[in-house]
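This report describes the fold of a single protein chain for a reader who is new to structural analysis. Please look at the sequence and the structure below before reading on.

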Amino acid sequence: MLKRVTTCLFFLAAQAAFAQTGTNYDESKVKPYTLPAVLETFSGETVRTKKEWEKKRRPEILEAFRREVFGRVPDKRLPVRYEVISEDGQALGGKAVRKEIRACFSDSPSQCMAILIYLPKSPQPVPVFMGLNFEGNHTLYNDPGIELNPRWMRRTDVRGVVNHQATEASRGTLYGRWQLEKLIDRGYGLVTVYQGDLELDRKTRSGDEGIRSLFPSSGQGDEWGSIALWSWGLSRVMDFLEKDPAIDKNRVALVGHSRLGKTALWAGAQDQRFAMVISNNSGEGGASLARRNYGETIADLNRAVSYWFCPNYKKYSEDPSLLPVDSHLLISLLAPRAVYVASATADQWADPRGEYVGASLAAPAYRLYGLKGLDDKEMPQPETPVSSLAVGYHLRTGEHDINAYDWDNYLNFADRYYQAARLSKRK
Ligand code: GCU
């Protein structure tokens, strides 16, 4: 009970730090808005086929997100060196294998990321969920074999973090968010990296630490923000996974909570090797519509965490209707791959309805591929997931978080989607 109350207080406090007085939480005060059509180009041409979508509309939407929202990944390939940090063939009481791999982009230890991989033992390549974590790989499971992340942590005095540094007491403290054993028991692996291995989550960028300094800076309005950099990191993890015969590279699902849910959506939009994207409570700048004035706004993001986005994003603080894109277009970029959006009732800051509508309005892109979206479904009541084969949504009772209930639904959705993909391949 005490724990629940403290978590509650923590979320309220965290939200208060971002929120501005005047945030609208009243549905009757949502102003009417007009969204850009999914199947109409910026110059007004109608898109009728998947070929036209892929040639014209999809690239221009991607480009608009790059230029105006997340920023552009600099055009430079970095050499990578991999080394094994540790391996355990008998993890989780013998039912899984664990490995941790260091991928280095320079000779400096500060420009390496540690990739933690747990796989169920299986004669076949296994599907995996993959996502960045908030406080280090060691928080996923209380296993002394996992390297304790030595970097700065954004949150301190919680979960064993002292002076922004993890301690032994931090191990396994975010187990609830990953549900590792559940995944392994259902036949899925889990791959994760600490977001701070790529770039620390803070306004003041720290010189040579992190990956950013390995790239030239454009110094322009489309300079990449942290979300773009974290997304770049997810693609580099995928480069590694593709080489691992124990992993089914056609069944790699991205998953992310909150700011890392925004990151998962953007990574999946840019890199079509990902088969599925799960956006958990990603909110503004993620699955929820910017044009709905409910909960967090672009102005709030630009005020508190502008470094997540590119400088051009500031142009839309005053009037989001000037933005050429919105969340339904971000989600459309995932078509025909699978996407699942989830909200929580007490997470009004993230605008659950805006997340649902964002997901459901991506349907026209799915239709081009002969797939259904959520457009024939009403926004569901809590604990009543809705989905077509490729697009899913649920609203969970409770706080801004990711927990066992969320994972049960992600696993069910993934089972159905992969099963159908297998059957259609056999035909
Ligand atoms: C803040 C922020 C959100 C973000 C969230 C998180 O609440 O305003 O946009 O999604 O933090 O990442 O936890």
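## Overall architecture

Of the contacts in the chain with a separation of 6 or more, 69% are between residues 24 or more positions apart; contact means heavy atoms within 4.5 Å. The model is a predicted one, in which local features need pLDDT of at least 70 and side-chain atom pairs count only at pLDDT 80 or more, while totals for chains, interfaces and linings use all residues. Residues are numbered from 1 along each chain as its sequence is written, and side-chain values use heavy atoms, with hydrogens and water left out.

The chain contains 12 helices and 10 strands; these are DSSP runs, numbered from the N terminus, with helices (H or I) of at least four residues and strands (E) of at least two. Because a compact globule of 427 residues would have a radius of gyration near 22 Å, the 20 Å of this chain agrees with that expectation. The radius is taken over C-alpha atoms, and the globule rule is 2.2 Å times the number of residues to the power 0.38.

Buried residues make up 58% of the 427 in the chain, where buried means under 20% relative accessible area, exposed over 50%, and partly exposed in between (1.4 Å probe, protein chains only).

## Nonpolar cores

In soluble globular proteins, nonpolar side chains tend to be buried together. A nonpolar core is here a set of buried Ala, Val, Leu, Ile, Met, Phe, Trp, Tyr and Cys residues joined through side-chain atoms within 4.5 Å. In the largest core, of 118 residues, Phe 65, Ile 115, Phe 129, Leu 241 and Trp 266 touch the most other members. Helix H6 (residues 226-241) gives the largest share of this core, 10 residues. A second, separate core has six residues, among them Met 153, Val 161, Ala 166 and Leu 200.

Not counting residues up to four places away in sequence, Phe 65 touches Trp 266, Val 325 and Leu 329, among others.

## A covered helix and a partly exposed residue

In helix H10 (residues 352-360), eight of the nine residues are buried, including Tyr 356 and Val 357. The elements below are among those that cover them.

| Covering element | Residues |
|---|---|
| Helix H9 | 327-332 |
| Strand S8 | 338-344 |
| Helix H11 | 363-367 |
| Strand S10 | 391-396 |

Asp 408 lies in helix H12 (residues 404-426). Asp 408 counts as partly exposed because its relative accessibility is 27%. Leaving aside neighbours within four places in sequence, Asp 408 is in contact with Lys 182 and Arg 186.
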